[in-house]
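Subject: Structure handover

Hello,

Here is the structure for you to look over.

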Amino acid sequence: MAHKIVDSYREKGARKKLVELLRERGIADEKVLSAIGKVPRHYFFDETFWKQAYKDIAFPIGDGQTISQPYTVAYQTELLHIKTGDKVLEIGTGSGYQTCILLELGARVYTIERQENLYNRTRQVLPHIGYNAEFFYGDGSKGIAKHAPYDKIIVTAGAPLVPQILLKQLKIGGIIVIPVGDEKSQKMITVLRVGENEFERFELDTFRFVPLVGEQAW
């Protein structure tokens with residue numbers, strides 16, 4: 001993760017181009033595009049690799065994890081329909097880039113990471129660059145029941161199924177966005193909780209995420 005704290009016209013210009021690319025690829029939510037345009041993605045890279053920061057690619061961040069492709073971040077975020085003040089559970093803090101996008105949209109973010117190195121790094125770096133979330137270390141596949149219910153839940157790793165324990169942590173009217181499949185590819189799934197025991201499920205496009213590891217996953 002980066003410690004580059006300069007945000008020059010060069011980086012701002014690169015973000016603007018990235019936003020236009022995402023718009024061309026079908027991201028239509030202007031609030032999401034605006035957030036992508038504001039969060040300095042190069043902060044999450046070692047300065048040596050800053051030229052990679054505004055390409056539409058995933059990139060290794062250590063511990064077998066990656067910073068997600070900007071298109072994937074925008075795609076998942078758009079599906080959440082974030083409103084200011086929404087209480088959001090993010091499973092898989094990773095680099096913290098997705099966390100920052102959610103915060104830019106006005107969400108209150110509870111984020112959990114099972115890789116201790118990433119957890120320690122991200123909870124220090126994000127406040128340093130002006131983003132404040134509630135950070136937790138542990139098995140994200142079980143959610144964070146003590147802070148439930150949530151308006152929205154986003155899972156940033158591929159799961160073999162939608163854990164029931166996460167569905168129970170959604171408010172009625174809440175949405176979970178989660179990639180589900182095998183370890184090679186997943187379908188993006190959104191589930192809307194419409195009643196105490198009623199859920200509507202939608203299957204969308206194919207992606208490839210690192211696996212969600214935990215008691216309720218792999």
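Predicted model: local features only at pLDDT ≥ 70, side-chain atom pairs only at ≥ 80, totals over all residues.

Residues are numbered from 1 along each chain as its sequence is written, and side-chain values use heavy atoms, without hydrogens or water.

Strands first. Helices (H or I, at least four residues) and strands (E, at least two) are DSSP runs, numbered from the N terminus. Strand β8 covers residues 186–195, and seven of its ten residues are buried, so the rest of the structure largely encloses β8. Buried means under 20% relative accessible area (1.4 Å probe, protein chains only).

β8 pairs with β7 (residues 170–181) in the antiparallel sense, over seven bridges. Pairing takes at least two DSSP bridges between two strands. Ile176 sits opposite Val191 of β8. Four residues separate β7 and β8 in their hairpin.

β8 also pairs with β9 (residues 198–207), antiparallel, over eight bridges. Lys187 has Thr206 in β9 as its bridge partner. Two residues lie between β8 and β9 in this hairpin.

Now the helices. The axes of α3 (residues 70–80) and α4 (residues 97–104) come within 11 Å and cross at roughly 40°. Axes are lines fitted to C-alpha atoms over the stretch in contact, with angles from 0 to 180 degrees between N-to-C directions. Val73, Gln76, Thr77 and Leu80 of α3 meet Tyr97, Gln98, Ile101 and Leu102 of α4. Contact means heavy atoms within 4.5 Å.

Best wishes

Conventions
Buried < 20%, exposed > 50% of the residue type's maximum accessible area, 1.4 Å probe, protein only.
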